[in-house]
Amino acid sequence: MIRLLFAACLALLALPSLAGNWPELKLAAEHPVEGMPAGNLSGLAWCRGALWGVSDRDDDRIYRFDQQNALWRAQPVTFSAPPVPESGLPWGLKSRSWAVSYLRGGELDFEGISCDRAGTLYLVSEAHAAVLQLPLEGQPEWLKIDPAMVRQARGSGMLLHFNALFEGLAINPAGDRLWLAAERERRGLVAIERRQSIWTCGRSCVLLSEAGVEMQPAQMPSPRAQSRDFADLAWFAGKLFTLERNAYRVCRRDADSGTVERCWSFAADALVESRRYDQPYGLAEALVIDAKGAWVGLDNNNGDRADGETRPVVWRFDAPQGGWSAKP
């Protein structure tokens, strides 16, 4: 046991993250979004030639963004989700989500959106640990996921706490492998794959499960230790990218193990005084990665920014020098 702990410590010390010297991404533009009455932008996806968003307060719509001007307009596309299948979450967690939905809206609590090569969109419901499929043509339907996925995730310490379940998802272009990010306490990565009509674990669903806290970046007013978290996932060029909200960074990870390979901070531009919110944690909840850069969306919880901005905001960051596949 001591040898294992020593080896783990050496591995952690080898990561430059502990020294806080991840390279900074450069902010290229920011876009307030009009037309999301409930706000709470919780996911982004590039699909069908456009950028799409989802709000965790809306159960019956997603939004296609008109990006022609600096001020974006959200165009709603409505749907009717069928009854949610049983996922294996305990009654206590589901009942709390149901009760809270009457106060804030969003019983399904959609926290992420992704898209495959065929143009099929996928939405993850945090409240039910379920994934809704929106095909280009045809009716929405919930993926048939082996209940072993939730059992394995809970057995690894994830999905145990209210409002700390699945916060993001990513799917590969072929549409036959899907990753889910457990938010916090413990955060982690889960992968499932399609076997005919059922999504199964293969050898194991759990790629990564980790606990602990981490200091917020120095640019944060009164930085404090916060739970390690994942706010969203993106797939690009065979790699997973995690949005780590409280740390104000994006990390590239191995898609088979979840092992972190390299990270980039966006704290320097995100936390200039005019862009700060009077909230003690990060608000970035949505991520898309492409060859030229990253889209990062903010869920401002209906709060005002220091400059008075109250609408959801999407940031555009340039790709790092050497591209997203660059080695440290």
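A polar contact is a pair of N or O atoms within 3.5 Å; within protein, one must be able to donate a hydrogen and the other to accept it, and residues adjacent in sequence count only if both atoms are side-chain atoms. The model is predicted: local features need pLDDT of at least 70, side-chain atom pairs count only at pLDDT 80 or more, and totals for chains, interfaces and linings use all residues. Residues are numbered from 1 along each chain as its sequence is written, and side-chain values use heavy atoms, with hydrogens and water left out.

**View 1. Side-chain polar contacts of Arg-245.** The side chains of Arg-245 and Asp-229 meet in a polar contact of 3.0 Å. Glu-285 also pairs with Arg-245, side chain to side chain, at 2.8 Å.

**View 2. The surroundings of Arg-245.** This residue sits in the loop between strand 19 (239-244) and strand 20 (249-254); strands are DSSP runs of E, at least two residues, and helices are runs of H or I, at least four, numbered from the N terminus. Arg-245 counts as buried because its relative accessibility is 7% (buried is under 20% relative accessible area, 1.4 Å probe, protein chains only). Leaving out residues up to four places away in sequence, its contacts (heavy atoms within 4.5 Å) include Glu-167, Glu-183, Ala-231 and Gly-282.

**View 3. Gln-279 in its loop.** Gln-279 lies between helix 4 (267-270) and strand 22 (284-290). Its relative accessibility is 15%, so Gln-279 is buried. A polar side-chain atom of Gln-279 is 3.0 Å from the backbone oxygen of Asn-300. Beyond neighbours within four places in sequence, Gln-279 contacts Met-220, Asn-300, Asn-301 and Gly-303.

Definitions and conventions. Buried < 20%, exposed > 50% of the residue type's maximum accessible area, 1.4 Å probe, protein only.
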